[in-house]
Amino acid sequence: MITSAMNFPIWDLNGMNGGLLIALIAVIHVFVAQFAVGGGFFLVFAERKGFRENSPQILKWVHWHTRFFLLVTMVFGGITGVGIWLVTSLVSPAGISVLIREFVYAWAAEWVFFLGEILALLLYAASFGRCRDGQYAPRDHMILGAAYAVFAFLSLFIINGIISFMLTPGDWVRTGAFWDAFFNPGFLPSLMFRFGLSLTLAGMFGLITATNIKHEETREDMVRFCAQWICLPFVLMLVGIVAYIMWGLPEELDQALQRGTDDIRPFLRSFLDAAPVLFLAGMFLFIRLPKKVYLPYVSFVLLLGLVVVGSFEWVRETVRRPWLVYGYMYSNGITLADGKRMNEKGALANSGWGTLRAGTKEPLAAGRFLFTQQCSSCHGLGAPMLDIKPRVKDRGEEGIAALLGGQGKISPYMPPFFGTEEERLMLARWLASLEEQGKALARAR
């Protein structure tokens, strides 16, 4: 199916693990990108409300919010989208290779839909003033908005199939078929949750501009309108989560979620705590609040939304460990087939970028390369999370070698070590040297 992952170079971040860097950019991007999906529907319904109630004040606000929406989604969202591609391609080139090769036509379709989004939104925003002045029929203008909303949803539809594939590839592992990969077991639960979240985010971001409306009656009306968008989609989100748990996850991943290792438990708890609080915060907006309270309150609601998005994405990424693509490729980009070859002939010998070979006069350099190749996608040296140094401290070379031998068995959420016995000892020796390096640095100071 896929060419060997070992043909790719490795981006060594040294102090930071690659997964954390991806998470920092991805959460912000998803936060804005899913607002872009729900925001299209939000704009059309808000404009429809303005025309049905014959309210120039509402239409003025929707026009204002459209400009805000355009800047946030197309400019900031576009920049973070490019950032995602750049960082993931450098941190996990093998994983990106899988997604591009298996979904090349899906990506092509998504780019067409994205182009449709850009054109429809630009036309919608540019013609809003003429529509308010009566030079452009409201129905035709809302059709432009609806076109944007449909294109945005279709983009979500495609991206959802690709992202959910990584967690639940289903029969694709056996058949290699595109449709098995795309319409995987997690596709529908994920789509329901993400679409519901997109609509909720639309209401949350709507509060940013709605609470600044000068006309008091219109401001209170549109704040309650935004509150409906925050609260009502929670039904769809809840159905999606329940469906995920009931039939969207393989049994092993469901058990991992329930087991709640240290890297899952706090984020799962954050999601379970923040989601209902966000719902209650939305319900509280139906009560008339003093205008001076709105800024801190809206900031609190947006922070809750960011916590919900971030914790969900972290749990989704973490629960599939040790896999990048469940049952096919490990989190370090090594496939099952790669691993078999590495165990037989050596990890260094199977890497075009591993110029050092087992048995050279520089075993520490070889150990450093093996760490970068097999560990650095999750662990860093002095990284804010999953720092490797405290995990090997005081274990000694033999203890670390035994620890590496237990990967995938004693620690099922970690990939096995791939390579020969000699290479495993090289990696253990280099990891053991980290403590001595730290002591030498401390003495020098």
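**Notebook: salt bridges and a helix contact**

Entry 1. I looked up the charged network and found that salt bridges link Arg-194, Glu-313, Arg-316, Glu-317 and Arg-320. I note at the outset that this is a predicted model.

I then located Arg-194, which belongs to helix α9, residues 187–210. Is Arg-194 buried or exposed? Its relative accessibility is 3%, so I recorded Arg-194 as buried, the limit being under 20%.

Next I examined the partners of Arg-194. The side chains of Arg-194 and Glu-313 are joined by a polar contact of 2.8 Å. Leaving aside residues up to four places away in sequence, I listed Val-30, Gln-34, Leu-156, Asn-160, Ile-163, Phe-312, Glu-313 and Arg-316 as the residues that Arg-194 touches.

Entry 2. I turned to the salt bridges as a whole, and the count came to 14.

For Asp-221 and Lys-49, I found a salt bridge whose closest N and O atoms are 3.4 Å apart. What does this pair tie together? Asp-221 is in helix α10 (residues 216–231) and Lys-49 is in helix α1 (residues 18–52), so the bridge ties together parts that are 172 residues apart in sequence. I also checked Lys-49, which counts as buried because its relative accessibility is 18%.

For Asp-140 and Arg-139, the closest N and O atoms of the salt bridge are 4.0 Å apart. I recorded Asp-140 as partly exposed, at 34% relative accessibility, and Arg-139 as exposed, at 60%.

For Asp-171 and Arg-174, I read a distance of 3.9 Å between the closest N and O atoms of the salt bridge. Asp-171 has a relative accessible area of 41% and is partly exposed, whereas Arg-174, with 65%, is exposed.

Entry 3. I then looked up the packing of helix α2 (residues 56–91) against helix α3 (residues 93–102). Their axes come within 5 Å and cross at roughly 115°. Which residues meet in this contact? From α2 I listed Trp-85, Thr-88, Ser-89, Leu-90 and Val-91, and from α3 Pro-93, Ile-96 and Ile-100. I sorted the residues of this contact into six nonpolar and two polar, with no charged residue.

Terms used:
Residues numbered from 1 in each chain as written. Predicted model: local features only at pLDDT ≥ 70, side-chain atom pairs only at ≥ 80, totals over all residues. Heavy atoms only, no water. Axes fitted to C-alpha atoms, helices over the stretch in contact; angles between N-to-C directions. Helix = DSSP H or I, 4+ residues; strand = E, 2+ residues; numbered from the N terminus. Contact = heavy atoms within 4.5 Å. Nonpolar A, V, L, I, M, F, W, Y, C, P; charged D, E, K, R; others polar. Salt bridge = Lys/Arg side-chain N within 4 Å of Asp/Glu carboxyl O. Buried < 20%, exposed > 50% of the residue type's maximum accessible area, 1.4 Å probe, protein only. Polar contact = N/O pair within 3.5 Å; in protein donor to acceptor, adjacent residues only side chain to side chain.
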